[in-house]
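Please look through the sequence and the model below before reading on. The paragraphs that follow lead from the whole chain to some of its parts.

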Amino acid sequence: MTKFRIPHCLPAAPVLFASVCLCLCSGCHIWRSVGVSSTATIASRQYVQEAAESLHRNDENEASQKLLLALKTNPGNTEARVMLADVLWDADRRAEAIRELKQVADSEDAAPETYIKLARMYFETGELGMSQKYLSTGLRRDTAQSDAWVLQGQIYAARNRHENAMTAFHQAIHHDPENWRAHIYLADLYLVLSKPQRALETAQFVRHKFPPDQEPTEVLYCEGLAMYHLHRFSDAVETLALAEARNPRDVRIISTLADAQRRAGMNGEAALTAARGLAIAPNNSLCRQVAETVTPPSFMRVHPQVGAQTPPH
């Protein structure tokens, strides 16, 4: 059975060290040609290596300091600037991350992956126009980027251009059949188009490609949601409970699980699940609706937060 590969964000330390050494050996002449001394090049790349080691220790503060030193030593070190953008993004410093990556993308020799990463950042901040601008540039430079087609599909879906979105997701799958996110976004689109059986088949196809207990949360959630829309509430409860166990603070999963439990006649479990959801997001309308439908007065006395607020309209 072919399994979907799970990408790693960072290479192993020995691999990264080897790549840095290779750049140090081969890059001196290049940097000298643009006015950067070989000493500055070597020092800058050493800071990048130290930053990578800090990231392997999950010390993002130290990594960001090392990367700033790398850029101070050699402002043209694009590797350092891209890594700094990633660190800033992970620290939820989104505007700074975009600013750093935009400096790289606006240069003439930026890699297609840089445009696509910047487009993804703009998409995550809701700037669809800027996202499309940089994504189009990335796709012009490399039309075979599967993740780029996934993002194109998401932009189309956000603009309610569903047929275009479906075409883009199929393009992503064509270029990389193992891109499980492309399949799941396609399944989500089937749900939007009121095709829950197609959505379920797609989600189950992806799930079966993973070893048991290693399926991504989004795959389980999509499968459970498709079962919910097919009114297979008991099956939905089973799958959504697995998804919640993977991510116990995802209110989308919790609220859907609570309502599936209610519709399956599991009122006690639904009340407890709704209470968990309201403890995380007190204004969640679905959790509140479930709680007010199935919660007995005795439970309301023990968990007063369930009835504390009026759901939003």
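Two residues are said to be in contact when they have heavy atoms within 4.5 Å of each other. With that in mind, of the contacts in the protein with a separation of 6 or more, 49% are accounted for by residues 24 or more positions apart. The model is a predicted one, in which local features need pLDDT of at least 70 and side-chain atom pairs count only at pLDDT 80 or more, while totals for chains, interfaces and linings use all residues. Residues are numbered from 1 along each chain as its sequence is written, and side-chain values use heavy atoms, with hydrogens and water left out.

The protein has 17 helices and 0 strands, where helices (H or I, at least four residues) and strands (E, at least two) are DSSP runs numbered from the N terminus. Of its 313 residues, 45% are buried; here buried means under 20% relative accessible area, exposed means over 50%, and partly exposed lies in between, with a 1.4 Å probe and protein chains only.

Helix α13, which covers residues 233–246, has 14 residues and reaches 20 Å from its first C-alpha to its last, close to the 20 Å expected at 1.5 Å a residue; the expected span is 1.5 Å times one less than the number of residues. Its buried residues are F233, A236, V237, T239, L240, A243 and E244, and they pack against α11 (196–207), α12 (217–229), α14 (251–263) and α15 (267–280).

A63 belongs to helix α3, residues 60–73, and it counts as buried because its relative accessibility is 0%. Although A63 and A51 are 12 residues apart in sequence, they are 4.2 Å apart in space, C-alpha to C-alpha, and A63 touches A51, S54 and L55 when residues up to four places away in sequence are not counted. A97, in helix α5 (residues 94–105), is likewise buried because its relative accessibility is 0%. The C-alpha atoms of A97 and A85, 12 residues apart along the chain, are separated by 4.2 Å, and A97 is in contact with A85, L88, W89 and M121, leaving aside its neighbours within four places in sequence.

Which residues line the second largest pocket? They are Q154, A157, F169, Y185, D188, L189 and V192, and the elements that give two or more residues to this lining are α8 (146–158) and α10 (180–192). The largest share, 4 residues, comes from α10.

Most residues other than glycine have a negative phi. N160, however, has a positive phi of about 60° although it is not a glycine, and D213, also a residue other than glycine, has a positive phi near 70°. N160 lies in the loop between α8 and α9 (162–175) and is exposed because its relative accessible area is 58%. D213 lies in the loop between α11 and α12, and it counts as exposed because its relative accessibility is 66%.

Conventions
On a 1 Å grid over the protein atoms alone, a cavity is a set of points where a 1.4 Å probe fits but cannot get out, and a pocket is an open set with protein on both sides within 12 Å along at least five of seven lines; lining residues have an atom within 4 Å of a point.
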